[in-house]
Structure formats: structure tokens, C-alpha cells
Amino acid sequence: MISPMKSEAPPKIIARPADVAIGRDIGGCSNCAHLQSCLSKSLSGSKALSTFEGAIEADRVIDAGERLIVEGDIFTALYVVKSGSFKAIAGANSANIMGFYFATNLVGLESIGKGAHLTSYIALERSVVCQLNYQKLLERFRRFPSVRIDFTETMSAQFNESLLLFSLIRAGTVLQRVGAFLLYVAAQNDRRKLVDLEIVLPMGRTDISNFLGISPESLSRSLTTLSKKGLLKVLNRRVTLLDRAALAEIVAL
């Protein structure tokens with residue numbers, strides 16, 4: 001038997017330095033652990049890095065439950081998640097979850113051509129984002145074509161991951177949906193070069209169920225099934241992937 005996932009238990013908050021806690025810029029790209037995974041990776045070690053950092057307005061701290069973006073807000077900036085995580089919802093129904101965003105993910109891409117944000121983004125835990133002024137970003141793209149290429153590649157990779165997940169949610173079995181979601185979260189750890197087999201789910205069971213289009217009971221049964229197969233171990237929101245390859249085989253069926 002596995003322990004049930006408790007949606008009411010808040011995610012663990014890790015204490016951060018004081019400058020992060022009040023939202024001050026803590027060094028921009030130069031000292032960011034995600035530089036190699038971000039849209040500005042081509043600037044790593046470049047003398048032009050400080051010029052590009054002029055597009056960064058500030059680091060912003062968003063507490064759990066607070067909104068980074070409200071649907072309908074005028075679009076002026078993109079965001080890179082530096083730490084923490086978010087869920088995107090459409091409309092007034094908080095159960096209408098469009099996706100989840102983790103460290104190194106770009107936020108706000110879907111709103112570039114509209115002039116206003118199409119979804120709301122709510123922090124699942126205390127999170128820090130890097131705010132990129134979009135007009136300044138475009139100017140840097142003109143000056144540094146390699147950064148524009150990095151941005152396009154990053155955007156494409158993020159879109160492809162989401163497209164694959166959505167295709168499984170639309171057509172896959174319940175077990176495949178749950179497996180695909182766990183592999184998706186594990187892929188976010190891969191991007192951050194985290195090698196730990198354990199993933200911590202910052203969202204509760206209800207959010208996961210709503211996103212996957214299944215009931216909370218079906219989610220629990222699927223986790224139990226995968227646990228009995230020896231593919232994973234679950235303790236509340238902590239999931240250890242014991243056989244990632246076998247889980248991928250189930251998802252690919």
C-alpha cells in the first residue's frame with residue numbers, strides 16, 4: 001500500500017536568503033544557476049552578457065496562492081521561473097488548469113501576439129521569477145541573433161513537451177496520463193540537472209486530477225497500481241521513480 005497524496009498539506013517552503021525574500025535583483029544572468037538552461041545560454045561567458053541583462057527588470061517573489069499574472073492584464077513582460085512552480089488557469093474556474101510551470105520554464109509565451117494575457121498564473125509555493133521586459137528583449141534579439149535562436153529553441157522545446165503531454169491526456173488511458181505526468185515533472189528536474197530519483201509534487205491531488213481530466217480516486221488507484229508494479233514509491237507528495245524506463249514503456253503503449 002502507498003500513502004495517499006494529501007491535497008491539504010502545504011508544500012514545504014525552503015528558507016531563502018533575505019535579498020530573495022523581499023524580491024531584490026540578486027545578480028541577474030551572471031550568477032544564475034539556470035544560465036545554461038535559459039534563453040540567454042549563448043551569452044554565458046560573453047562580454048555582452050551585461051548588456052543583455054538590461055532587459056531584466058527585476059526578480060519577483062510570489063508567495064504561495066498569489067498570482068503572478070491575472071488573465072486580461074496588459075502584456076509587457078515574459079517571465080523565467082527561477083525557483084518554485086506555478087499553475088496556469090483559464091477563466092474564473094480555478095479547476096480549469098491549463099498547465100504547470102517549473103524552474104527554467106518560460107511563462108507568458110501564449111500572450112505575445114495578443115497584447116493581453118490569456119491565462120492567470122498562480123504560485124503553488126513560494127516562487128521567484130525573472131521578469132523580462134518584452135520590448136527590451138526584442139531589442140537585444142536584434143543586437144544578439146544567437147540569443148534569438150536560443151529563445152526560439154527554448155520555446156520550441158517547451159512547446160513540444162507540453163504538446164506530447166496534452167496528446168496523452170486527450171487520448172491515453174488513465175494509467176498513461178498519470179505516468180506521462182510524472183515523467184513530465186521528472187523531465188523538469190532533468191533540465192535543472194537534478195539527478196535525484198525523487199520528485200516533489202508542489203501541487204495537490206485535486207490540481208493533478210483536474211489537469212489530467214480524471215477523478216482523484218482514479219489518480220490514487222493509478223499510483224497504487226504503478227507502485228505494485230515496482231515502478232515508483234509514493235509518500236504524500238514525494239514520488240520516487242524506481243523504474244523510469246518501464247514507466248515510459250507504459251506511457252508509450
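Guide: What follows goes from the whole chain to its cores, a helix, a pocket and some loop residues.

Visitor: Before that, what kind of model is it, and how are residues numbered?
Guide: This is a predicted model, in which local features need pLDDT of at least 70, side-chain atom pairs count only at pLDDT 80 or more, and totals for chains, interfaces and linings use all residues. Residues are numbered from 1 along each chain as its sequence is written, and side-chain values use heavy atoms, with hydrogens and water left out.

Visitor: OK, how many helices and strands are there?
Guide: The protein chain has eight helices and eleven strands, where helices (H or I, at least four residues) and strands (E, at least two) are DSSP runs numbered from the N terminus.

Visitor: And what share of the residues is buried?
Guide: Of the 253 residues in the protein chain, 48% are buried; buried means under 20% relative accessible area, exposed over 50%, and partly exposed in between, with a 1.4 Å probe and protein chains only.

Visitor: Which residues have the most contacts inside the largest nonpolar core?
Guide: They are Phe181, Leu182 and Leu201, in a core of 36 residues; a nonpolar core is a set of buried Ala, Val, Leu, Ile, Met, Phe, Trp, Tyr and Cys residues joined through side-chain atoms within 4.5 Å. The largest share of this core, eight residues, comes from H5, and the elements that each supply at least two residues include helix H5 (174-191), helix H4 (145-171) and strand S5 (97-102).

Visitor: What does Leu182 touch?
Guide: Leaving aside residues up to four places away in sequence, leucine 182 touches Ile199, Leu201, Leu223, Leu232, Val239 and Leu247, with contact meaning heavy atoms within 4.5 Å.

Visitor: What about the second largest pocket, which residues are closest to its centre?
Guide: Tyr101, Glu110, Phe159, Ser162 and Phe166 are the closest to its centre, out of 22 residues that line this pocket. H4 gives the most to the lining, with seven residues.

Visitor: How is a pocket defined here?
Guide: On a 1 Å grid over the protein atoms alone, where a 1.4 Å probe fits, a pocket is an open set of points with protein on both sides within 12 Å along at least five of seven lines, and lining residues have an atom within 4 Å of a point.

Visitor: Last topic, where is Thr104, and is it buried or exposed?
Guide: Threonine 104 is found in the loop between S5 and S6, and it is buried, with a relative accessible area of 4%. Its phi is near 85°, a positive value in a residue other than glycine.

Visitor: And where is Asn236?
Guide: Asparagine 236 is found in the loop between S10 and S11, has a positive phi of about 55° although it is not a glycine, and counts as partly exposed at 29% relative accessibility.
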